[in-house]
Amino acid sequence: MSKISIDIGGTYIRAALFDETCKMKEIQKERTVRGKECDGLLDQIERMAMPYIEKGAVRMGIGVPGVVDRCGKIKYAANIPELENMNLGELMQKRLKILVNTINDANAAALAEAVLGAGKGYRSVYYITVSTGIGGGLVIDRKIWTGSAGYAGEAGGVLTGRKGGLFAESVEMSASGSALIKRGSAVSGRKLKDAGEVLSASLHGEPWAAALSEQMVYELAALCANISYIVNPDIFVFGGGCMNSAYPLLEKIHNRYMQLTDEGLHGTEFAQAVLDEPGVVGAAIYNYREGD
């Protein structure tokens, strides 16, 4: 019984066909159709899915860049705000006449890494993606934990410091790729294009970049420490574009974490994500689990 997986991003949308063993058979990629109304995006999803339905696919999982509640309603979508307050699964189910489930994209990636990737074999896996923004997901016994309103695992929203007298600065505001670009551009006087430029400059011994990189390391290590004191996962798995730099970010986060936590938490492992297209794979896994 073949199934479809859709991963919607602010820039690109991917659609893939999976067989009954959850093995990817085909994948396609297009630029995401954007607009104030969602009809263009819905039409795009339908057009990309139809060839797979014609091949016998009977279910579809959709990963979206936003918080999804228990009813499938998208409560918050930073990169594609036109999706907010929409039950995308229900709409596509009516269009395609097949079962459709919706999941947050970071949760999808977390599920993929926990079931098939770096977290395979562990009971509790906390996945953190560090890219333009920061996201995350908690998987326990191979099942994603979303919480009462769908916000569980949203690591980027964890508050870290004061701003204007209030505890209002989040990890995403201080340690994401976009934050590193903004701070690096301000400090260096250069117009930086990506976070990798800061991390590379740090490797080459530029003091301003080293200071920013170390601050990023501290913020992410503190995030893991806070999560550990609440959840105590078996392993943290880090994914996202920032983790692909030559800068030893994961090693440094782990070392700093060891300094910040009690000895009882030192058994928690840290690993780099290993899967290609984890969002697509995770939406497929979630679809299987929700449907079967």
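How many strands form the open sheet, and in what order? Five strands form it, in the order β10-β9-β8-β13-β14, with mixed pairing; two strands pair if DSSP finds at least two bridges between them. Strands (E, at least two residues) and helices (H or I, at least four residues) are DSSP runs numbered from the N terminus.

This is a predicted model, in which local features need pLDDT of at least 70, side-chain atom pairs count only at pLDDT 80 or more, and totals for chains, interfaces and linings use all residues. Residues are numbered from 1 along each chain as its sequence is written, and side-chain values use heavy atoms, without hydrogens and water.

β10 (143-145) and β14 (269-272) are the edge strands, each pairing on one side only.

| Strand pair | Bridges | Residues opposite each other |
| β4 and β7 | six bridges | Arg59 and Leu99 |

Helix α7 lies across β8, β9, β13 and β14 and runs at about 155° to β8; axes are lines fitted to C-alpha atoms, for helices over the stretch in contact (heavy atoms within 4.5 Å), and angles run from 0 to 180 degrees between N-to-C directions.

The largest nonpolar core has 36 residues. Such a core is a set of buried Ala, Val, Leu, Ile, Met, Phe, Trp, Tyr and Cys residues joined through side-chain atoms within 4.5 Å, where buried means under 20% relative accessible area (1.4 Å probe, protein chains only). Its largest share, eleven residues, comes from α7.

Strand β7 (99-104) is largely enclosed by the rest of the structure, because five of its six residues are buried.

How values were computed: Buried < 20%, exposed > 50% of the residue type's maximum accessible area, 1.4 Å probe, protein only.
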